Every structure is written in structure tokens, then in C-alpha cells.
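Keep the sequence and the 3D view side by side while reading.

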Amino acid sequence: MTTVSWKPRELPTQGARTLPREYFVSPEIYQEEMDRLFARRWVCVDREERLSRPGDYFLAEVAGESLILLRDRGSGLRAFFNVCRHRGSRLCEAPSGRFAETIQCPYHAWTYGLDGRLLGAPTMTDVEGFAKGDWPLRQAAVVSWEGFLLVNLAPDPEPFESAFAPLLGRFARFHLPALRVGRTIEYEVKANWKLIVQNYSECYHCAPVHPALTRLTPPTLGENDLTEGPFIGGYMVLAEAASSLTMSGRACGVPVGALAPEDHRRVYYYSISPNFLLSLHPDYVMFHTLWPQAVDRTRIRCHWLFHPDTLADPRFDIDDGVKFWDLTNRQDWHVCELSQLGVSSRAYVPGPYSRRESCSIAFDRDYLRAMGRG
């Protein structure tokens, strides 16, 4: 997972250093990240296609909070905290499914509508001052953007339209809402989540780590178009003989959208803070969601999206693309785990960034600002 570093004139790199050791080993800083980043920014949880019918739901854990993502009876999207308003019991245990009409607490049978209203609370009618309307399920903000579901746990979140302004409309030509998941692979990586984002954001490591990737997209060809803030990335150029990033080098499906000629020769990579990595190919789209489990552990879910015509046509071998990135992912996870071991050492001190790691520098700057240290 890599992006080309942008031109040195766009962001000075002289004197920049990697983050100090404590940012990769401190449980206190890890908890602060959950509070300042994962609980305040818009976090990608999955694709909207998982909620195709009213009543469909799945659970997501964000910053230590269990959420119920569902589609209500009016086809609206909801994100409820998985907490009964009575004694705080978890309402839902199954990771996904479909509610028939209501959500009922397994402890004392308080019952809620799919819009979150409290509909029933046994024997509470004789409690003075009790009114069901005062006790709806607590909600988190949820939006659908380009077919992706994002949530924000903040009580007064930054409006999505302003937070994501640099990305709105940027990918329209890829027809992302119409794409469908063809494969999903989950990885457990023994590394801090930031090491994974930093790795995704540079191709300085490509030649020694990714020979297959380097053959299809030379590390020195490309340019970045987002270089500040929580959204960082750009494109790399396919080698002349390549049509996509696959084991064969050939496209493994029909074009995903109404792409311009130059898009057929490029692969675009964007890190979307804090947990969303988006990679756009001519014939498929790959996205990763990062789920920190501890200061030195990250669960990663990688999904491959294809045009429905690709998935319906047995002549296309989508595994040609999936296997390519599964190989590349595992190469990346290995070096991220080596990095975690190294930065955990007392011997580690921040080292100098190269001119080809300017996206990693930009990530660090945005991260430190968000943490109140910029």
C-alpha cells in the first residue's frame, strides 16, 4: 500500500523527523488518540450495501464504543449506541442480522423502535414522572458518502459537508456507490495504527519491499493532489505494459466508472484520517479500515469493490487483483511489525525523513495538530 511522495517544492521536508517513541508505545497516548481522533472525526465503518433492507443491522466498535448501524422503517440510516437506557445493558450481541420490528433489551425487556424511540418499559408506568419520550436510544451521527458509511461519536460533530469538503465530488467518475464488495480479508497486525498509515503514505520502501508492485507502478512516477490536513494522497502511473495492479498485470474487470483516459493509466491512493485508506484502480477499488486494538495491535479489514458486471461475468478473475494486494498487504504488515519492534526499543530516537516521505510528514503534522501538540 503506497503513494508517491509529492514534489519537494510543495512541502519542505528538510529537518523533519519521525515521531518520538512514546507515540508508538504509550497506552496513555493511545487512549488520547481514541478520544481526540477516533471519537471526534468521521470514521469509516463499512459499505452501505450491508444495510440493503429496512431492519438490516450490523455492529461496529469505534473508540471502544459498540454501535448498532441499521436502516430504519423509513429507509433512513441510524447509528445507535448499543446501550439500553435503563441499566445500560448491551442491547444486541449478534454482529449482524435483521430486526423484525423492534430492538428489545435482553435484561429487562425495554423495547425500542428502529427510530430509537422507547416503545415499551414493563411496570414503569407507575413510576412518578416517567415518560417514555424522555428515554430514546442515544445516537451517533452517521452519513453515507460514495457508498461508504461513516460515523462520528462527538456530541456536536463537525458537519460532514465541511469536514469532507476537499473530497466531495472528487471521485464521482469512479461511480463508487454502484460498486459491490467482491472480497474481504481481515488481518491482525502487531503494529501501531500510525505506522500502517505512514507506510501507506510513501513509496520510499517500495523497491526493497514490493518488487511486483514496483514492476507495475515505478515508484518515481506520479504526483500528489492532496497534501495537507486529514486527507492526503495522489496517484502513481502504471507501467506501459500494465493495465492494472494484478498478478498478471491485466485488468481483472470492466472499468469501474466513466473514467478519463488518464485514469486508465493511474492508481490513486488516499489516506482519510483516522482509519480509512482508499485505493482506486481502473477496474476495481480497494479500501482498508483500521481498527486499533491496543497501542501495538491493529485489526485491518481490506475490501475489494467491483462493478456489478464484473462480478456477474465468470470470464473475469477478480482474484487476480485480490491476490496481488493480499501479497502486497502482507509485505507491508511485515515491515510495519518490524518497525513496531524497533520503535519500542530504548535505542530508538526520531530519525530524519527523506524527501520521498513528505506524505508521512504531512500525516504527522495533522496528527499532532489534532492531538493538541502541533
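The model shown here is predicted. Strand 9, residues 141-145, and strand 10, residues 148-152, pair in the antiparallel sense, with 5 bridges. The hairpin of strand 9 and strand 10 has 2 residues between the strands, and E146 takes a positive phi near 55° there.

In soluble globular proteins, nonpolar side chains tend to be buried together. The largest nonpolar core of this model has 70 residues, and the members that touch the most others are V45, L69, L245, W304, W325 and Y367. Helix 8, residues 319-343, contributes the largest share of this core, with 6 residues. Another core lies apart from it and has 28 residues, including W42, F174, I272 and V285.

How many cavities of 30 Å³ or more does a search of the whole structure find? The search finds 1. The largest cavity has a volume of about 80 Å³. Its lining consists of 14 residues, and V197, S271, I272, S273 and F363 are the closest to the centre. I272 is also a member of the core of 28 residues.

Strand 14 (266-272), strand 15 (276-280) and helix 9 (358-370) each supply at least two residues of the lining of the largest cavity. By class, this lining is made up of 9 nonpolar, 4 polar and 1 charged residues.

Methods
Residues are numbered from 1 along each chain as its sequence is written. Side-chain values use heavy atoms; hydrogens and water are left out. A nonpolar core is a set of buried Ala, Val, Leu, Ile, Met, Phe, Trp, Tyr and Cys residues joined through side-chain atoms within 4.5 Å. Buried means under 20% relative accessible area, exposed over 50%, partly exposed in between (1.4 Å probe, protein chains only). Helices (H or I, at least four residues) and strands (E, at least two) are DSSP runs, numbered from the N terminus. Two strands pair if DSSP finds at least two bridges between them. On a 1 Å grid over the protein atoms alone, a cavity is a set of points where a 1.4 Å probe fits but cannot get out, and a pocket is an open set with protein on both sides within 12 Å along at least five of seven lines; lining residues have an atom within 4 Å of a point. Grid points are joined across faces, edges and corners, and a volume is the space filled by probe spheres set on the points. Ala, Val, Leu, Ile, Met, Phe, Trp, Tyr, Cys and Pro count as nonpolar, Asp, Glu, Lys and Arg as charged, and the others, Gly among them, as polar.
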